[in-house]
Amino acid sequence: MQLSSAYDTVIVGAGSTGAVLAARLSEDRSRSVLLLEAGPDYRSADAPWEMRIPNPGPIILGGSKYQWSGLRAFRTDYQRPIDYWRGRGLGGSSAINGQIAIRPALEDFDLWARAGCIGWSATETLPAFIRLEDDEEFGDEPYHGRGGPIPIYRAPRQRWGAVDLALAEAAVALNYGNCEDHNAPTGTGASPYAINSRKGVRVSTNDAYLEGARDRPNLSIVGDAIVDRVEFDRTRAVAVRFRISGDWKRVEGGEIILSAGAIHSPTILMRSGVGPADTLRAVNIPIRIDAPVGGNLLDHPQLSVRLDLKPQARAPSVDVRHTNCCVRYSSGFEQSGTNDMIFIAFNLLGASSDHLRYGHIWASVYQSFSRGRLVIRSPDPDAHPEIRFRMLSDRRDLVRMRDAIRRMLELTQHRAFRAIADSVHLGRVIDLSGKGAEAPANTIPSAQWMLENCFDVQHAAGTCRMGAANDRRSVVDPRCRVIGVEGLRVIDASIIPEMVRANTHLTAVMIGEHMAERIRSQ
C-alpha cells in the first residue's frame, strides 16, 4: 500500500477498540484515517480455523502469529512470570479471547463519573452498548440493541456441556438464582453466557467492523507495523514513527490515537517521553511529561477447582464451546457492590485431547481492588515491558477469593456434580463418590496458597487511567486526551479507572463506540 505523508487521524492498534474507531471515524468520508497494527493484516475469510472455533484453547496455546510471543507477567508477588496472552493482528485480543460478551454492572460507570470521568455515567454509556449490539434474544428490550456490528448469542441448554449444566443446577439449588440475561440491568445468578459469535463462529472486531469498512478510499490499514513512538513539536503530537519490513517510516497525523491496549499503549507513551520520571530516567528517555503511565494496572484474579470427569460427562472434542454458563453473585463483603463475583463453568480447558478428562469451575473477583504496575526496561520497541499485577494484594480481594473457594467446594457437593465427576482437586483431592463427601474444613487453602496459585482472566486494564485533568492519578482526561500535550489521545481499555465487573472486551468495544461518537460531534 502506498502511504500518504499525513492523515487527519492516525490510530495505533486494530484491536477491540482501535478497529471500532477506524471503522466509525472513516464513516465521515472527509476524514482520512490510517490504522497501524503490529500484527498481520488479513481478511476475515483468511482467519485460521483455531481462531474461528468456539474453544479459544488452540489459538491461545498454539503460539500463533496472532499473539505477542514472549510476553510474560507476574500475577502475584509470590509467582514467577508466565505467559500473558495478548492478541496481535486485526481484531487484537478479540480474535483470540473466550468470545465472552458480558456487560459490567451499570453502577460501574456511575462510579467512573463520580471519580471525575464526566460523560461516562451509566446513562451516557448505555447508548454505545446498545449501538454495538445485535442481540438475538433480547434485542428489542430498551437496554439492548438489534442490528449492531457485534452479535450477541446464547447457546440453548440442550447444547451446554456437562459442567455448564451441573453448575446451573447446583447454583439454583443453593439459592444463587436463575437469570436468562446477565446483561440485563438487574441480571444476577446462573445464566447462559452471552458470546460474540454467529452460527458457532467467532466474530471479532475485525469481522464486525473492519471487514465492511476496509474498501473505503479514506481508510488505510497497514499490518506488521511496529510503532516506536509518537513525535512532538513542542507540546503537540505530530507524527508516529514505526517500522515495517525492516524500514523505519514516519507519518504525520492531525490527531494521533493510541489504541494498542492496556499493555502496549502505555509502553508507546513511555517510549515517547510521557510516563513516570524515574522509569524514563532509568532507560535514558528524555522526559516530556511526568505522568503515572503504567500504574493502576488491573485484571480479575481467579482460582479454580478441577473436576475429574466421568467418561460420559467429557467434552467430545477440543473444538466445542468451552463454557456456556456463569453465575454472577454478590459477596456482601466490605465495600463490595452487586455482582462483584462470578463462577465460570469450563467443560474443558486446553487444546489437546488430554484436557477432555477434566472440567473446572473458576471463581473470579470481578470488582477487584488490587493494583499493579507496568514499566518499560528498555527504549527498544521490540522489548517487552515488566508487568506486575500484584493480584490479591488488596485484602478485600483476598477475603472474597477465600470465600469463593468455600462456595465452590459447597457447590461441588451437590448431586449435579456427583453425577458427572469422581473427585475435585484444590491442592488436595476431595472424593465425590459419597464416602466422606463433606469437604473437610482444612480444605480451604491458606492465603499463601492462594497467592501462589492465583491466575488472571487476561483482562488487563487501567494503565493510562482516565480522570479529571487535575487528578494526579490521571493520564488522560474524560475526552481521552493525554494530559499535558495536544493532539494525542489514548482510547482503549487502558483508560479504565476502576475495574469493571465483567470481561473487558465488550467494554473496550463500547469505549470505541462512545469516543467515536464524541469525536465526530466535537
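Predicted model: local features only at pLDDT ≥ 70, side-chain atom pairs only at ≥ 80, totals over all residues.
Setting aside neighbours within four places in sequence, Pro54 is in contact with Gln99, Gly200, Asp319, Val320, Arg321 and His322.

As for confidence, the chain has an average pLDDT of 94, and 97% of the residues score at least 70. The stretch to watch is 435–441, where pLDDT stays under 50. Beyond four places in sequence, the model has 9 contacts for these residues. Most residues other than glycine have a negative phi. Leu392 has a relative accessibility of 3%, so it counts as buried.

Two further buried residues are worth a look. Ser204 is found in the loop between S9 and helix H7 (205–210). Its relative accessibility is 1%, and because the cut-off for buried is under 20%, Ser204 counts as buried. Not counting residues up to four places away in sequence, Ser204 touches Ser94 and Ala95. Val12, by contrast, has its place in a strand, S1 (residues 6–12). At 4% relative accessibility, Val12 counts as buried too. Leaving out residues up to four places away in sequence, Val12 touches Leu36, Val227, Val240, Ile257, Leu258, Ser259, Ala260 and Ile268. Ala260 is 248 residues from Val12 in sequence, but the C-alpha to C-alpha distance in space comes to 5.9 Å.

On the H4 side the contact is made by Leu106, Phe109 and Asp110, and on the H5 side by Ala122, Thr125 and Phe129. Sorted by class, this contact of H4 with H5 has 4 nonpolar, 1 polar and 1 charged residues.

H5 also packs against helix H13 (residues 505–521), with the axes 8 Å apart and an angle of about 110 degrees. How are H5 and H13 oriented to each other? Angles of 65 to 115 degrees count as roughly perpendicular, so H5 and H13 are roughly perpendicular to each other. H5 brings Glu124, Thr125, Ala128, Phe129, Arg131 and Leu132 to the contact, while H13 brings Leu506, Thr507, Val509, Met510, Glu513, His514 and Glu517. The residues of this contact of H5 with H13 divide into 6 nonpolar, 3 polar and 4 charged. Thr125 and Phe129 of H5 turn up in the contact with H4 and in the contact with H13.

H13 packs with helix H1 (residues 18–25) as well, at an angle of about 30 degrees and with the axes 8 Å apart. Because angles under 35 degrees count as roughly parallel, H1 is roughly parallel to H13. The crossing of H1 and H13 is right-handed. H1 makes the contact through Val20, Leu21, Arg24 and Leu25, and H13 through Val509, Gly512, Glu513, Met515, Ala516, Ile519 and Arg520. By class, the contact of H1 with H13 has 7 nonpolar, 1 polar and 3 charged residues. Val509 and Glu513 of H13 take part in the contact with H5 and in the contact with H1.

Terms used
Residues numbered from 1 in each chain as written. Heavy atoms only, no water. Buried < 20%, exposed > 50% of the residue type's maximum accessible area, 1.4 Å probe, protein only. Contact = heavy atoms within 4.5 Å. Helix = DSSP H or I, 4+ residues; strand = E, 2+ residues; numbered from the N terminus. Nonpolar A, V, L, I, M, F, W, Y, C, P; charged D, E, K, R; others polar. pLDDT = per-residue confidence, 0-100. Axes fitted to C-alpha atoms, helices over the stretch in contact; angles between N-to-C directions. Parallel < 35°, antiparallel > 145°, perpendicular 65-115°, else oblique. Left-handed = near helix turned anticlockwise from the far one by under 90°.
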